[in-house]
Amino acid sequence: MKNIRVLVTGGGSGVGQGIIKALRISGLPVTVVSGDIAPLNAGLFLADEATLIPRVEDADALERFVVLLSQGGFHMVMIGSEFDLAFFSRHRDTIEARTGCKVMASPLSTVEMANDKWLTTEFLRTNGLPHAAACLPAHADEAAAWAAANGYPVVLKSRTGTSSRNVHIVKDEADLRRLFSLVPNLMLQAFAGSEGDGLAHEYTCAVFRAADGSLLGPLTARRTLRGGSSWVVEVGDYHWLHPMLLAIGERVPSLGSLNVQLRDGPDGPIPFELNARFSGTTAVRAHFGFNEPAFALRSYLLGETLAPPRIGSGLALRYLEEVFLDGVAATELDHALPRGVVRDWT
């Protein structure tokens with residue numbers, strides 16, 4: 001295939017930007033089109049082309065995407081926004097049949113399980129996999145009783161959501177009662193792993209399911225967080241995590257990337273979150289040899305048999321960057337999306 005056209009939704013998000021970067025170093029003849037619902041997103045201006053896309057909540061979103069993908073000659077759509085994932089999973093067969101464009105989205109049941117942290121815990125528990133005990137307390141008294149029985153600290157969090165929003169590490173009953181009414185659709189979970197926020201505590205890992213059903217990886221990395229996103233990432237061969245990650249990968253009916261967030265401690269590694277999608281560290285993984293967007297194109301579009309990747313090791317330290325649109329007013333972006341410039345500051 002001489003020119004592979006890929007639409008990346010959520011092009012302005014961290015995940016979308018990571019997909020775009022990974023495609024840039026894929027070595028494949030790819031035209032990357034960044035799509036987002038709003039024009040003031042830096043990721044729109046770093047791809048080969050850019051387009052504004054419908055909100056998936058819109059009543060006519062499916063028809064508009066069918067037109068967009070058909071007229072744009074796209075070969076694959078990659079989901080960079082968590083808000084888009086269930087939509088594309090639900091309509092994957094329809095979109096592929098009507099447009100010929102491949103949709104990189106796991107089955108809807110998998111997406112719904114991964115999007116709901118309670119269902120994730122239940123999936124791990126019923127499959128005999130490590131997990132942190134959890135409950136769905138109906139009121140603060142029930143939550144306090146459960147926490148007293150299981151011991152503090154506990155994690156009070158919303159069943160849905162990302163980037164650590166509505167997640168609280170609760171160390172005593174007073175805090176639990178104070179926070180209880182502030183967290184929507186909540187669950188309570190035992191704290192997994194050792195306390196602390198250094199690199200030795202939390203890991204972000206992945207396996208990739210190819211079109212022939214085989215698994216690539218795992219990719220293992222430890223990290224620190226800032227604002228709910230990975231900030232310092234150290235990719236390495238944390239081999240004691242491999243058996244558990246492969247066991248999860250075998251049991252989850254995923255398509256493409258499956259991310260596993262876990263904490264390590266005296267009781268061994270305990271996963272607390274699964275994401276059936278590309279990760280916010282997609283670009284970091286690609287740099288170290290685990291290029292999931294490239295795997296997706298080679299396996300699901302080109303029909304190649306993927307060899308085990310050579311995964312390197314090292315650190316990724318994140319920082320802020322600017323995209324410049326010289327001489328452009330914000331109001332003009334409703335009509336045209338020019339290519340932006342990132343200066344070489346070195």
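Biologist: At what distance does the side chain of Tyr 300 reach the backbone oxygen of Arg 209?

Modeller: Bear in mind that this is a predicted model. Tyr 300 sits in helix H11, residues 292-301. To the backbone oxygen of Arg 209, the side chain of Tyr 300 reaches at 2.6 Å.

Biologist: Is Tyr 300 buried or exposed?

Modeller: Leaving aside neighbours within four places in sequence, the residues in contact with Tyr 300 include Met 76, Lys 102, Met 104, Phe 208 and Leu 255. The relative accessible area of Tyr 300 is 16%. Buried means under 20%, so Tyr 300 with its 16% is buried.

Biologist: How far apart in space are Tyr 300 and Val 328, C-alpha to C-alpha?

Modeller: In sequence, Tyr 300 and Val 328 are 28 residues apart. In space, their C-alpha atoms are apart by 39 Å.

Biologist: Which residues of domain 1 lose the most area to domain 3?

Modeller: The domain assignment gives domain 1 as 4-105 + 321-342 and domain 3 as 196-317. Between them these two domains bury about 1,700 Å², with 81% of it on carbon and sulfur atoms. Three residues of domain 1 together account for 29% of what that side buries, and they are Val 15, Leu 28 and Met 104.

Biologist: How many residues of domain 3 are in contact with domain 1?

Modeller: The C-alpha centres of domain 1 and domain 3 lie 23 Å apart. On the side of domain 1, 22 residues take part in the contact. On the side of domain 3, the count is 20.

Biologist: Which helix and strands do the buried residues of H8 pack against?

Modeller: Helix H8 spans residues 173-180, and its buried residues are Leu 176, Leu 179 and Phe 180. They cover an arc of only 105° around the axis, so they lie on the same side of H8. The buried residues of H8 pack against helix H7 and strands E7, E8 and E9.

Biologist: At the start of H8, which residue has a side-chain oxygen within 3.3 Å of the backbone nitrogen of Ala 174?

Modeller: The contact is between a side-chain oxygen and a backbone nitrogen. The nitrogen belongs to Ala 174, and the oxygen belongs to Asp 172.

Biologist: Where is Asn 185 found?

Modeller: Most residues other than glycine have a negative phi. Asn 185 is not a glycine, yet its phi is positive, about 45°. Asn 185 counts as partly exposed because its relative accessibility is 47%. Its place is the loop between H8 and E9.

Biologist: What is omega for the cis peptide bond that joins Gly 217 and Pro 218?

Modeller: Most peptide bonds are trans. A cis bond joins Tyr 152 and Pro 153, with omega about 0°, and Pro 153 is in the loop between H7 and E7. Pro 218 is in strand E11, residues 215-226. For the cis bond between Gly 217 and Pro 218, omega is about 15°.

Biologist: How many disulfides does the structure hold?

Modeller: A disulfide needs a pair of cysteine sulfur atoms within 2.5 Å. Cys 101 counts as buried because its relative accessibility is 0%, and Cys 205 counts as buried at 0% as well. The number of disulfides in the structure is zero.

Technical notes:
Residues numbered from 1 in each chain as written. Predicted model: local features only at pLDDT ≥ 70, side-chain atom pairs only at ≥ 80, totals over all residues. Heavy atoms only, no water. Buried < 20%, exposed > 50% of the residue type's maximum accessible area, 1.4 Å probe, protein only. Helix = DSSP H or I, 4+ residues; strand = E, 2+ residues; numbered from the N terminus. Arc of directions from axis to C-beta. Contact = heavy atoms within 4.5 Å. Polar contact = N/O pair within 3.5 Å; in protein donor to acceptor, adjacent residues only side chain to side chain. Domains from an automatic or database assignment. Buried area = accessible area lost by both parts, 1.4 Å probe.
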